[in-house]
Amino acid sequence: MAESMDTITSVREMNEWARLQIPGRKTIALVPTMGYLHDGHLSLVKKARLENDTVVASVFVNPTQFGRNEDLSVYPRDPQGDSAKLEAAGVDVLFMPDAQELYGPDYETFVDLERLSLPLCGKSRPGHFRGVATVVLKLFNIVQPTRAYFGSKDYQQLQVIKKMVRDLNVNVRIIGCPTVREQDGLAMSSRNTYLTPEQRKQAICLYEALMLAGRLFATRESDPNTYLQAMKDRVLAEPDARPDYISLVNPETLEDLTTVNDSALAVLAIRIGKTRLIDNMLLAESADINQ
Ligand code: AMP
């Protein structure tokens with residue numbers, strides 16, 4: 001019978017656990033999340049379970065990555081449900097600290113990426129990636145993982161973390177995982193729960209706009225404006241949809257493309273009513289259309 005999952009809430013205890021893994025040289029996977037888990041999160045856990053000796057999942061709604069007028073206080077939470085799902089998925093340790101445990105009253109150190117954190121979500125959510133990079137580096141230091149798993153649904157976040165790890169020589173392998181979608185194509189997200197049934201129907205416009213970009217890429221269209229117009233028209237066909245951004249960027253640098261050649265990232269953030277949803281699709285000869 002599999003051993004039951006441990007839940008750890010203190011940094012000291014989590015550190016202690018990580019130290020105990022070293023003598024046996026066990027590989028440690030880390031899957032950082034903000035909880036309210038869905039099948040997208042669990043796909044990361046599943047991959048981590050297959051590739052490592054031990055799996056740590058963290059559930060922490062990180063206050064430093066939320067702007068003042070964002071949804072921190074109403075962000076959906078279900079610690080008991082999350083714990084049951086993680087245990088069933090074979091997680092060894094659930095790390096679930098509270099905010100005081102990670103940010104004391106005299107906290108003052110942050111990680112800032114000077115270029116990658118500026119466009120796209122960085123523009124509409126100033127300080128967001130500073131909070132993300134900081135908490136992820138803290139989790140890396142606390143858990144000491146061999147590999148860490150992140151979804152490409154949050155593509156810019158994945159790039160920011162890969163770059164941080166390279167720039168700061170952090171000894172961890174970052175594994176990007178494909179986006180898990182609902183049957184109609186909407187990317188799974190804890191924030192989908194904010195949508196009314198009518199808004200949920202309209203939210204399909206994100207995926208359909210990306211599919212239009214995919215079709216244009218298949219015809220070897222080279223003008224970014226053709227893609228952007230097609231995506232914008234699809235999104236604006238929904239009465240409650242307001243684009244935050246719709247972009248076609250270089251998948252590495254995230255800079256706007258002036259012409260489309262071998263690869264591009266179609267990426268968008270759309271407000272449906274008050275709910276802000278993001279999605280993206282990598283356009284490349286060999287790209288998995290479902291990434
Ligand atoms: P979150 O709880 O939203 O911070 O997400 C935690 C991790 O799960 C991040 O690495 C996300 O990119 C990943 N994730 C969220 N939604 C999905 C999805 N639909 N498919 C795959 N991974 C996802």
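The model is predicted, so local features are reported only at pLDDT of at least 70 and side-chain atom pairs only at pLDDT 80 or more, while totals for chains, interfaces and linings use all residues. Residues are numbered from 1 along each chain as its sequence is written, and side-chain values use heavy atoms, without hydrogens and water.

The ligand is surrounded by 16 residues. Met34, His41, Asp154, Val180 and Met188 are the closest. By class, the shell has seven nonpolar, seven polar and two charged residues. Here Ala, Val, Leu, Ile, Met, Phe, Trp, Tyr, Cys and Pro are nonpolar, Asp, Glu, Lys and Arg are charged, and the others, Gly among them, are polar. β2, α2 and β5 each supply at least two residues of this shell. The largest share, three residues, comes from α2.

For Gly151, a polar backbone atom lies 2.9 Å from a ligand oxygen. On its own, the ligand has 480 Å² of accessible area, and the protein covers 93% of that. Accessible areas come from the Shrake-Rupley method with a 1.4 Å probe; for residues, only the protein chains shown count as cover.

Helix α2 spans residues 39–51. Helices (H or I, at least four residues) and strands (E, at least two) are DSSP runs, numbered from the N terminus. The 13 residues of α2 reach 18 Å from first to last C-alpha, close to the 18 Å expected at 1.5 Å a residue. That expected span is 1.5 Å times one less than the number of residues. Gly40, His41, Leu42, Leu44, Val45 and Ala48 of α2 are buried. Buried means under 20% relative accessible area, exposed over 50%, and partly exposed in between (1.4 Å probe, protein chains only). The buried residues of α2 pack against β2 (28–33), β3 (54–59), α3 (79–88), β5 (147–151) and β6 (173–177).

Strand β3 also holds Ser58. Ser58 is buried, at a relative accessible area of 1%. Its contacts (heavy atoms within 4.5 Å) are Leu30, Val31, Pro32, Thr33, Phe95 and Leu139, leaving out residues up to four places away in sequence.

Arg276 lies in strand β9 (residues 275–284). Arg276 counts as buried because its relative accessible area is 14%. Its side chain makes polar contacts with the side chains of Asp244, at 2.7 Å, and Ser124, at 3.2 Å. A polar contact is a pair of N or O atoms within 3.5 Å; within protein, one must be able to donate a hydrogen and the other to accept it, and residues adjacent in sequence count only if both atoms are side-chain atoms. Arg276 also touches Arg191. The C-alpha atoms of these two residues are separated by 7.9 Å, although Arg276 and Arg191 are 85 residues apart along the chain.

Arg191 sits in the loop between β6 and α8 (197–202). Arg191 is buried because its relative accessibility is 16%. The side chains of Arg191 and Asp71 form a polar contact of 2.8 Å. Other residues touched by Arg191 include Phe66, Tyr75 and Arg125.

Key:
A residue is near a molecule or strand if one of its heavy atoms lies within 4 Å of it.
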